[in-house]
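Reader: I am new to this structure and would like a close look at a single part of it, the place where two chains meet. Please take me through it slowly.

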Amino acid sequence: MLATYLQVLVSGLAIGGVYALIALSFSITFTTTKTLNFAQGEFIGVGAFLGVTVLYLVSGEGSFAALAPAAAGGARYPLAAAVVGAVLGALGILLFLAAIRPFAGKPGMSWVMSTIGFGIILQSLGLAVWGPAPVNMPSPFGDDVMRLAGAGVRPQEILVLAVAVVLMAALDLLMRRTRLGKAMRAVAHNPQVAALMGINVAAVMLGAFALSSALAGVGGLLVAPIASASLFMGMGIALKAFSGAIMGGLDNPRGCIFGGFALGLLEAGVALWEAQWREIVIFLLIILVLAIRPNGLFGARALDKV
Amino acid sequence: MLQLDAVHIAYGPIQAVADATIAVEPGQIVAIVGANGAGKSTLLKAIAGLVPLAAGGIRFEGRDIAALPAHRRVAAGIALSPEGRQVFPDQTVRDNLELGAYSRRLGQADLARAMAAQYELFPRLRERQDQPAVTLSGGEQQMLAIARALMGEPRLLLLDEPSLGLAPLIIREIFGIITALRARGVTVLLVEQMANLALGVADRAYVLETGRVTLEGSGAELLQHPRVRAAYLGGGH
Ligand SMILES: Nc1ncnc2c1ncn2[C@@H]1O[C@H](COP(=O)(O)OP(=O)(O)O)[C@@H](O)[C@H]1O
Ligand SMILES: [Mg+2]
């Protein structure tokens, strides 16, 4: 029994770590530009496939659709992560220039449509290049289930959790301690006043989209070995992560991380009893939380009223 | 030092400033007074680069800066302490000051020295340096806003309603600092609704009415001007 709970805890934390990472990526663009990338789901899928492609090209092990376990070994997985981060970061800049900047700060919500459209185009291009079939991505630490106090734990779950936590801690430090982070927080609070400090607001916004998109890509690369990589896998993840962000408070990075982890744990916990109730319970809970606290659990606007 | 030449500024169809010609000489305190909605803040925002000119010219130290974006004007030597203070509430006093020096790219030692100079001028900020700005009193936030602007080491300091919502004692303290800054060679362009205070310290002053300059002269002249006394000083004094 204890082993079962432990198993739920580990897999909940692992998928929760991915939700938290993606929730944070939503928060990064929302706080700095008051806009969101609704193509984040496609960015996750493209990140995963790009990762598989890099592993395939540098290792030459197995076929594209079924990479041999050794393909992800050594420095290849970190290399894939670096390539995915860089390419998706560039894609985020392209998205900002093409789909956000023409509409940001103007009345209406054209950027919602334009980012969704950007995602659809990206997915279609991905399908043309990689085809619709899901592919298996090996974990760098192998796919053999480890025994941990009787619970079956996959090495990738530990890796996902560890990488997510390290990335989030690094970002938290960046935002609070570095000159750049303080400038990003200043832009998030008020772009005009930030400009008065000599901060190049447009550059910070561009950087926010690059960072947010890179996180989505790396998130895709992290989950791919747990599920299987598919160009469609990102939608569900992005939706859950977005829900986690809304629940924790979109304008509070730490709240977003909490929301992401909470959702992952809840999902794993509910699935233990009745897998088919999972989605129903989760989204009912989100609706309930928002009914009580419209700005999320840790949203800042609730503070303003005090 | 600063010349505004027949400046027009509009928000869409709303004309906020019309045909304003204003000159600021180095080493002076120049005041712009006028009622709420006269266009005073708009004028300062245009000088800081936050709103574009619809027509007219702007020169700073002889250089045309109309096309210079706001974030580059700080490095050029212009800093604005905006209306309503606008400190970054969840960042500490120290971080607010650090942001004020953002464009100078100072190393740790120079940054510490620049902050120490501000704490010298505003000793209360030193006591509060590790507190989030939101926990400061209104007067302390105003001091922080001015100190933050000074961190950019401006040659021209723009102050938008530094007395807003403050108690008389604090207002006197802040105006004391403004005159001290002039003595140190910082040129100040001061916007105020409290005309008597502003005209009292100003070397030169302008009266702005619905976006137009209607009077100009030395601070002392305008203090005595019958129209100013009737409109802004309540006739008394
Ligand atoms: N962002 C804005 N959008 C539209 N109109 C504005 C904006 N800011 C100011 N105004 C208008 O411009 C005029 C001048 O405002 P402002 O410069 O704030 O005056 P003051 O600082 O003298 O009180 C007012 O009529 C005001 O309503
Ligand atoms: Mg004003």
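Reader: How many salt bridges does the rule find across the interface of chain A and chain B?

Author: This is a predicted model, in which local features need pLDDT of at least 70 and side-chain atom pairs count only at pLDDT 80 or more, while totals for chains, interfaces and linings use all residues. Residues are numbered from 1 along each chain as its sequence is written, chains are lettered from A and ligands numbered from 1 in the order in which they are written, and side-chain values use heavy atoms, with hydrogens and water left out.

Across the interface of chain A and chain B the rule finds 3 salt bridges, a salt bridge being a side-chain nitrogen of Lys or Arg within 4 Å of a carboxyl oxygen of Asp or Glu. One salt bridge joins the side chains of Lys182(A) and Asp95(B), with 3.0 Å from N to O. In general, side chains of opposite charge can pair when their charged atoms come close. Between chain A and chain B there are also 5 residue pairs in polar contact, both residues being at pLDDT 80 or more; such a contact is a pair of N or O atoms within 3.5 Å, where, within protein, one must be able to donate a hydrogen and the other to accept it, and residues adjacent in sequence count only if both atoms are side-chain atoms.

On the side of chain A that touches chain B, the elements giving two or more residues are helix H6 (179-189) and helix H7 (191-196) of chain A, helices being DSSP runs of H or I with at least four residues, numbered from the N terminus. H6(A) gives the most to this side, with 6 residues. By class, the residues of this side divide into 8 nonpolar, 5 polar and 4 charged, where Ala, Val, Leu, Ile, Met, Phe, Trp, Tyr, Cys and Pro count as nonpolar, Asp, Glu, Lys and Arg as charged, and the others, Gly among them, as polar.

Taken as a whole, the interface brings 17 residues of chain A into contact (heavy atoms within 4.5 Å) with 21 residues of chain B. The two chains bury about 1900 Å² between them, 59% of it on carbon and sulfur atoms, buried area being the accessible area (1.4 Å probe) that two parts lose on being put together, summed over both. In chain A, the residues that lose the most area to chain B are Arg179(A), Leu196(A) and Met197(A), together 39% of what that side buries.
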